[in-house]
Amino acid sequence: MVLPCLDEAEALPWVLARIPRGWRALVVDNGSTDGSAALAHSLGATVVREERRGFGAACHAGLLAATADIVCFCDCDASLDPSLLVDFVREVRDGEADLVLGRRRPQGRGAWPAHARAGNLALARMLRRRTGLRLHDLGPLRAARRTELLALGLTDRRSGYPLQMVVRAADAGLRVAEHDVPYLPRTGASKVTGTWRGTWHAVRDMRRVLAEPATAPTAVPSPQGAHSR
C-alpha cells in the first residue's frame, strides 16, 4: 500500500494501525520535517524517500517501489480508512474491475471544505466529457494492478497525478469502478486543498492533464514474487 506523506506524524499511528494484516505499508516521505519518516519506520512501515516535491512524485515513487501484483493508494492524513481497500483489492483480483476508486462521503463538519468539493465536482464533469466515465470523485483511495498502472506511462508529478491515472486508464480501455467510502476530517492542514489557492493550483494541474492527447499504454513485464501491497 502506497501512503504519500508530508508532515503527517500526528496521523500516522491511526493510519498504520488500520493497514490490513499481511500488507506492506510503503510510506513515501516527501520532505517531512516533523519526524514522520522515523515514526513510520518505528511503526513497522517501509519508508521510501522522494526528494522531488509533489503529490504525484510521492505516489509514483511508491508505485515504483511496490512489488505486489495489486497496488493500493491512500492518503496519510487519517481522512480515509485503509482497511476499506480490502474489498477494492478483491474486486480487482476477481476480475470485476481494473481500477477501483473510493467516492468520498463526508462524515461530520470540516471533512470536505466547500471550495475543495466544488473543485472536485467541476473536474468530475470535465472528466466525463473527456472520457465518458460517469464518476463523482477523484479521491485518493484506489487499487489496481501494478503492471497496468506502470503501462499507463504516468508523467504528472503534481496534483494532476490521480486524474491522469483515471484518464489514461479510460483511454487504455480499463474498467473503472467507484464505491462510496466515509471521508473523515483530516488530521492537520491539507497541503493541496486546504485553501482556495491550493485548490486553484490543483484544478490548474488537472486541467492540463485533461488537455493532453490520448496516449497509448506501454507494455510492462509482470513482476515476480509479488506479495506486498
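Modeller: Helix 7 is mostly covered, with 9 of its 11 residues buried. A residue is called buried when its relative accessible area is under 20%, exposed when over 50%, and partly exposed in between (1.4 Å probe, protein chains only). Helices here are DSSP runs of H or I with at least four residues, strands are runs of E with at least two, and both are numbered from the N terminus.

Colleague: What kind of model is this, and how are the residues numbered?

Modeller: This is a predicted model, in which local features need pLDDT of at least 70 and side-chain atom pairs count only at pLDDT 80 or more, while totals for chains, interfaces and linings use all residues. Residues are numbered from 1 along each chain as its sequence is written, and side-chain values use heavy atoms, with hydrogens and water left out.

Colleague: How many helices and strands are there, and what share of the residues is buried?

Modeller: The chain has 8 helices and 7 strands. Of its 229 residues, 52% count as buried.

Colleague: Which residues of helix 7 are buried?

Modeller: Tyr161, Pro162, Leu163, Gln164, Met165, Val166, Val167, Arg168 and Ala169 are buried in helix 7.

Colleague: Why is Arg168 called buried?

Modeller: Arg168 has a relative accessible area of 8%. The limit is under 20%, so Arg168 is buried. Arg168 belongs to helix 7, which covers residues 161-171.

Colleague: Which backbone oxygen does the side chain of Arg168 reach?

Modeller: The side chain of Arg168 reaches the backbone oxygen of Leu152 at 3.2 Å. A polar contact is a pair of N or O atoms within 3.5 Å; within protein, one must be able to donate a hydrogen and the other to accept it, and residues adjacent in sequence count only if both atoms are side-chain atoms. The pair from Arg168 to Leu152 therefore qualifies.

Colleague: What makes a group of residues a nonpolar core?

Modeller: The members are buried Ala, Val, Leu, Ile, Met, Phe, Trp, Tyr and Cys residues joined through side-chain atoms within 4.5 Å. The largest such core holds 35 residues, of which Phe73, Leu99, Leu127, Leu163, Met165 and Val166 touch the most other members. Among the elements that give two or more residues to this core are strand 4, strand 5 and helix 7. The largest share, 6 residues, comes from helix 7.

Colleague: Which residues is Leu163 in contact with, beyond its neighbours in sequence?

Modeller: Contact means heavy atoms within 4.5 Å. Leaving aside neighbours within four places in sequence, Leu163 is in contact with Leu127, Leu138, Met206, Val209 and Leu210.

Colleague: How far from Leu99 is Ala177, in sequence and in space?

Modeller: The two are 78 residues apart in sequence, and their C-alpha atoms are 6.3 Å apart. Ala177 lies in strand 7 (residues 176-183). Its contacts, leaving aside neighbours within four places in sequence, include Leu99 and Val100. At 13% relative accessibility, Ala177 counts as buried.

Colleague: Why is Asp7 called partly exposed?

Modeller: Its relative accessible area is 30%.

Colleague: Which other residue has a positive phi without being glycine?

Modeller: Ala78 has a phi near 70°. Ala78 sits in the loop between strand 4 and helix 4 (85-93), and at 8% relative accessibility Ala78 counts as buried.
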